[in-house]
Amino acid sequence: MEDLSKKNEALEAFFKSKRENWTVQIMPLFPFIKGEPHEIYDMQATALSYRHSLGEEIAYFLNKLSKEMVKNKEARKDKFIYYATGFSLKTNNTEKGIMIDADVAELDRAVEMLQSHIDYLRDCVKTIDNLQYAVKNRIMLMEYSSITQQQRN
């Protein structure tokens, strides 16, 4: 149990680091919306690259989540069998459930951290998508301004 706790602490630190890295990468893109057209196009290409990397990372962690959920379910089954057949006290299903939940709490924590990180990565993708819409709107506005300027001349 203590090994799982230490593993989860390391996993938590790892995810924190990954989130900080993505924040450092994504946040500097926003000021470019106000920039010159060539800056906007470069930023858009960078954002698309980040979006692809995020998709790859999401797929990787979904695979990890799937494996962790299998471990969790197997542990729950093993604990149920233990409490149903090898435990010295007679317990009902509710009591078994409480003991099983306590026994697999660190496995549940790992699953929850993976799910939380995947949600964060998906939110990053949404942020980049919103940034792309802002770029599209900015480009349309620049084109409209250019057309209006030409019509005045």
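Visitor: What makes the crossing of α2 and α4 left-handed?
Guide: In this predicted model, α2 passes α4 in a left-handed crossing, a term for a near helix turned anticlockwise from the far one by less than a right angle. Both names come from DSSP runs, where a helix is H or I over at least four residues, numbered from the N terminus.

Visitor: Why is α2 called roughly antiparallel to α4?
Guide: The two pack at an angle of about 160 degrees, with axes 8 Å apart. Axes are lines fitted to C-alpha atoms over the stretch in contact, and angles run from 0 to 180 degrees between N-to-C directions. Angles over 145 degrees count as roughly antiparallel, so the label applies to α2 and α4.

Visitor: Why is the contact of K6 with E2 called a salt bridge?
Guide: The term requires a side-chain nitrogen of Lys or Arg within 4 Å of a carboxyl oxygen of Asp or Glu. K6 and E2 meet at 3.8 Å, N to O, so the pair qualifies. The structure holds twelve salt bridges.

Visitor: How do you know that K6 and E2 are separated by about one helical turn?
Guide: They are four residues apart in helix α1, which means about one turn.

Visitor: Which element gives the most to the lining of the largest pocket?
Guide: α2 does, with six residues. Lining residues have an atom within 4 Å of a pocket point.

Visitor: On what basis are residues numbered and values computed?
Guide: Numbering starts from 1 along each chain as its sequence is written, and side-chain values use heavy atoms, without hydrogens and water. Local features need pLDDT of at least 70 and side-chain atom pairs 80 or more, while totals for chains, interfaces and linings use all residues.

Note on methods. Parallel < 35°, antiparallel > 145°, perpendicular 65-115°, else oblique.
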